[in-house]
Amino acid sequence: MSELISYWPSADHVRECLRTEAETIDEALLLAVHEPVSLRKRAAHTGLETEATERELLNELMRPSDDGSAVLVAITGASGVGKSHMVKWLGAQLLRHPQRDRLVIVTIPKTASLRQVVERMLEPLGGEAYATIKRDLNRAVDAMEENRAAELLAATLGEELESFAHNLQEAVQANRVARDQGARINIARKVRAIVRDAQVRDCWFQKVLIRIIRSSLEGTGDPADRRFHARDLEPPPDAPINEFPHETNGALNLLARNDGADRERAAEILQEVLDPALRSVFGFTETFRQKTIQEVVDDIRRHLLKQERELVLLIEDLAALAGIQQPLLDIIIAETDEKGERVRAPIRTALAVTDGFLPGRQTLLTRAKAEWVLPSEGLSDEFVVSRLVELTGRYLNAARWGLKELRKRYAQVAPDERDLYHWVPGFDETLDATAADHLAHFGKSHAGHALYPFTRTAIESLGGHALKRAGQWVFNPRAFINEVLQRTLSQRSLAEQGRFPAALPNEQRVFADVGMDLGYMGLAPAAKSQVEALLFHWAGNPRSLAVAPPVAKGVFDAFGAPWPFGAAAQPRPAPLRPEPRPDPQTQPRPIPQPEPRPVTTVAPPAALSEFAQALESWGPTTSLVGRVANRVRKLLAEALNQRINFDLMNLHGGSVEPTWFWLPPSKTTSNPSLGIIIKVAPEAEAIPSLVVTGLRALDRWEAHAKNWRYDGAEDDCATANALLDLYETDLLAQMSQRAEQEVGVLATVLHRQALLLGLSRKAEPEGPRIDELMAPAPEQRPAPIDVNPAVRGVLDARMEAVAARPALQEQLRYRLACYQGSAGRQALAIDPLRLKNAWKAAKPTRMALTLNSKESLTPVAISGMERMEDGSATQLISRLKSAQEACRPRVAAAFEPDHARVAWRTQLLQTLEMARTLSLWPTECDEKRVRKAIEDLSAESLETVFNRARAFTAPGEDKSIEVQLEGWSALQLPKLLEVTAEVDLLVHFFDALERRKQVDTSGDEALKQRTALISSLNIEEA
């Protein structure tokens, strides 16, 4: 590393000089880094604002107090804008003020404990009186036990919240405040229920109360510890909320509405009532022997009046001093005179408060007459950047000297010196020529301080990312010091190793075209990250490396980083520096220089389209808006569909859907959560340059009718294809997996249908049998009208299976078969591996197809698939069981196992002839149907039906759906119904014949056959 590193403050100097809390800053450091500020003076009554200076602020504080009023200057502004710093600056000025010997100055830091505040306030009392009060105060504080104090604070907060709600309600009814305060009244009462609940305190809120008590008693380095926050009212994940009382649960649920926005309002209300609650807990009146702190300070002022002195209070943040705010306010506004006579010493107060504190305290605002505002918003870009540059220069200069040297030089400043802006000289280390040249390229602040390792461009860029909100500057010196100066200067070790700056965070990245160009340079990853960071912040994040950059090459050289800009880009010269006028007599003759070669100019890149701008701004925490996100998905889907031949992958008719693409961050609208998911970019990482440049290339491709015939198309085509390469493999793998899953769906449906229809007797074969899956369905007649619901349900399911089966078989064939080209209809081969893998996979529970199909499924096919889902199939099995049990026992009991069907047929036909001859035929029976029933029941083919009916064993309900389907379908219901109907017909016939009493002797023998038949059938009449 060159000598330039001597201008980089050491780690020790950075720690001691880059402090942000005013109370921790040494006076010498405070004045060394102080930059004159501009204020706005806002009138209390009219609200009109005028520009003001800090010198006017000091003059206002020290204005004559002859009118007997208390002098008060209220400095307001947002958190971090420098209010406490201004109070500290006023204190430094007062120490050098002409009236300094008459002033008794009491400074109250915002991190002081209540005990420290009281001690500082009463210190001017002096002597034994002060010592006695101090002892009593210490004794009272030391005797206070945290848990007891927390319980007492909970009780007093409950009382104050009730008073707050009651008073606010009365104010609304009296029209003293706007009538839209109902929500605050309700929240106050809900919070009261939470605070007073012992279970809530035991669960988590006791810790919150103890934090408030402890930080108030002992002080804290973080004033936020003394405030209530929205998170304090959020139950921990393991809180037993269901065990809380109903009122408490209702209050917690109310505060959780609107994404917890009401918790913020509840915390603000708690903070409003905290001051009186803490006063009750600490009991200052008892500590001061029945005197209030206001009365004690009044005694002090009366004592100072005799000494012709004045009391000055410098309060760095009144809002942070809950527990003593009201006493301080009473002290601040207590006037000097009573009834025209001066009875106490003048009091001057400089008070810093956060925005919004004073309007609620009208008396204080009236006494102050105006607010002295440190603005943080509504400032011009140029103003903020210039302020930040000067701030950076002063802090760098101070840190280069170090605190020890600053104190030494400050001690040499004359006590009467009023100009405290220029006592610190600029750091000026002698450097060699190269280092000096590099230093010059970083530029200087207006005050003349070298900005290395920053430049104005870097300060603007780094500061913008730290301070801008919704694209607008919010001036916040504290945040700038913490997030920019400290964070950057802590990387000195990287600079010494030639690796500064560190890699960009994920939410920041160079323009995609620049990122691609850097990738082509072949830089090592560390060097590429270093160059990207320099380009982004120090070079103003250029859109191209082929144009002149807003940064000198010397900046890159100073950090040991490669110069990335193309030959056409001319390095920016070093900033102009004032040089001493040369002596003409000693000026050397100019050395003749060769004529410069003409420089090829490169046109600046064209303006980015709205789509391109959105892509460049896209990041791990920045979503693409709906229309841009939809366009990204559409472009990728269209390009991949044009690029991929799905037939070659046996994905016939397949196409990519825009809804498959997932865009970071996860909150992006319409991101898929189920099915095929293609992640366009990694989550929680910077968007790769290839993704952005590739999408911009596809945007131009689509704008040119989806062809690559335009200027620059060759580069765009290469970039777009490189992008599509990122997704194609994963996409095809997921589509193939999904196709395999759908083969499993179709195979399961067709197999279950085959079992239902009797096309297969193997419930759980080891492998798929393509012949059974593709077997045609048998003919099926509609269900008769007069059947019970269970039978009808089964017959309807069979009809549905028969109707759906051809379409489902075509879908299976389409996912397994290989065709000639994309238009072929004749299957040339099948993919056995896909079928085998699908069969081995876990059985799907939901039967649906999601990939694009060659032909859309008909409603009947869809219904047929849904019928075979586990839930529906289980219901179907239940109906099968009911239908079988209604018929099977009658069929099983119709004939004995040794039944002689031929002899039986002959005898029955003879009986029919005898009944006809003797005119005994029942008129209600159709002879043809009876004869047909006898012929059918005596057929050899029905022996299997009767045997199965007799040998049937019901499958267990714990068996698989396939086993139960096969078991209950072993006797095909249509045949079973047909046999049962014919058996019932014969029973009915012979019952009718029995009723005919007039038969002859020859008929008795025939009727004996009928009696034997009835006995053997033993079937209940339907």
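Predicted model: local features only at pLDDT ≥ 70, side-chain atom pairs only at ≥ 80, totals over all residues.
## Contacts around Arg348

Two residues count as being in contact when heavy atoms of one lie within 4.5 Å of heavy atoms of the other. Leaving out residues up to four places away in sequence, Arg348 touches Leu61, Met62, Arg63, Ser65, Val71, Glu310, Leu311, Val312 and Leu313. Take Leu313 from that list: Arg348 and Leu313 sit 35 residues apart in sequence, yet their C-alpha atoms are 6.2 Å apart in space.

Where does Arg348 sit? You'll find Arg348 in strand β8. Is Arg348 buried or exposed? With a relative accessible area of 2%, Arg348 is buried, because anything under 20% counts that way.

## The whole protein

Now let's zoom out. The protein has 39 helices and 13 strands. It is made of 1022 residues, and 49% of them count as buried. If you take the contacts with a separation of 6 or more, 74% of them come from residues 24 or more positions apart.

The largest nonpolar core holds 102 residues, and the ones touching the most other members are Leu18, Tyr452, Leu535, Trp538 and Phe559. Which helix gives the most to this core? That's α16 (residues 381–401), with 9 residues.

Apart from residues up to four places away in sequence, Phe559 touches Trp8, Phe442, Tyr452, Pro453, Gly498, Phe500, Gln530, Leu534 and Trp538. There is also a second, separate core of 80 residues, and Phe228, Ala251, Ala322 and Ile347 are included in it.

Helix α4 (residues 83–94) has 12 residues. From its first C-alpha to its last it reaches 17 Å, close to the 16 Å you'd expect at 1.5 Å a residue. How many residues of α4 are buried? The count is 11 of the 12, so α4 is largely enclosed by the rest of the structure. Among the buried ones are His85, Met86, Trp89 and Leu90.

Helix α13 (residues 293–306) passes the length check too: its 14 residues should span 20 Å at 1.5 Å a residue, and its end C-alpha atoms are 20 Å apart, which agrees. The buried residues of α13 are Ile293, Val296, Val297, Asp298, Ile300, Arg301 and Leu304. Look at how those numbers are spaced, then recall a general rule. An α-helix has 3.6 residues a turn, so residues three or four places apart point the same way.

What do the buried residues of α13 pack against? Their partners are the strands β4 (103–108), β5 (310–315) and β8 (347–354), along with the helices α5 (114–122), α6 (127–142) and α14 (325–333). After α13 comes Glu308, which has a positive phi near 60°.

## Where α8 meets α9

Helix α8 (residues 182–196) and helix α9 (residues 198–218) have axes that come within 5 Å and cross at roughly 75°. That makes α8 roughly perpendicular to α9, since angles from 65 to 115 degrees count that way.

Which residues make the contact? From α8 there are Ile194, Val195 and Arg196, and from α9 there are Ala198, Val200, Arg201 and Phe205. Sorted by class, this contact has 5 nonpolar residues, 2 charged ones and no polar ones.

## Backbone details in the loops

Next come a few backbone details. The peptide bond from Phe500 to Pro501 is cis, with omega near 0°. Pro501 lies in the loop between α21 (492–496) and α22 (512–520). The bond from Pro664 to Pro665 is cis as well, with omega near -5°, and Pro665 belongs to the loop between β10 (661–662) and β11 (678–679).

Two asparagines are also worth a look. Asn541 isn't a glycine, but its phi is positive, about 50°. Asn541 is in the loop between α23 (525–538) and α24 (553–558), and at 18% relative accessibility Asn541 counts as buried. Asn650 has a positive phi near 55° and is found in the loop between α26 (626–643) and β10. Is Asn650 buried or exposed? Its relative accessible area is 8%, so Asn650 is buried.

Conventions. Residues numbered from 1 in each chain as written. Heavy atoms only, no water. Helix = DSSP H or I, 4+ residues; strand = E, 2+ residues; numbered from the N terminus. Expected span 1.5 Å × (residues − 1). Buried < 20%, exposed > 50% of the residue type's maximum accessible area, 1.4 Å probe, protein only. Core = buried A, V, L, I, M, F, W, Y, C linked by side-chain atoms within 4.5 Å. Axes fitted to C-alpha atoms, helices over the stretch in contact; angles between N-to-C directions. Parallel < 35°, antiparallel > 145°, perpendicular 65-115°, else oblique. Nonpolar A, V, L, I, M, F, W, Y, C, P; charged D, E, K, R; others polar.
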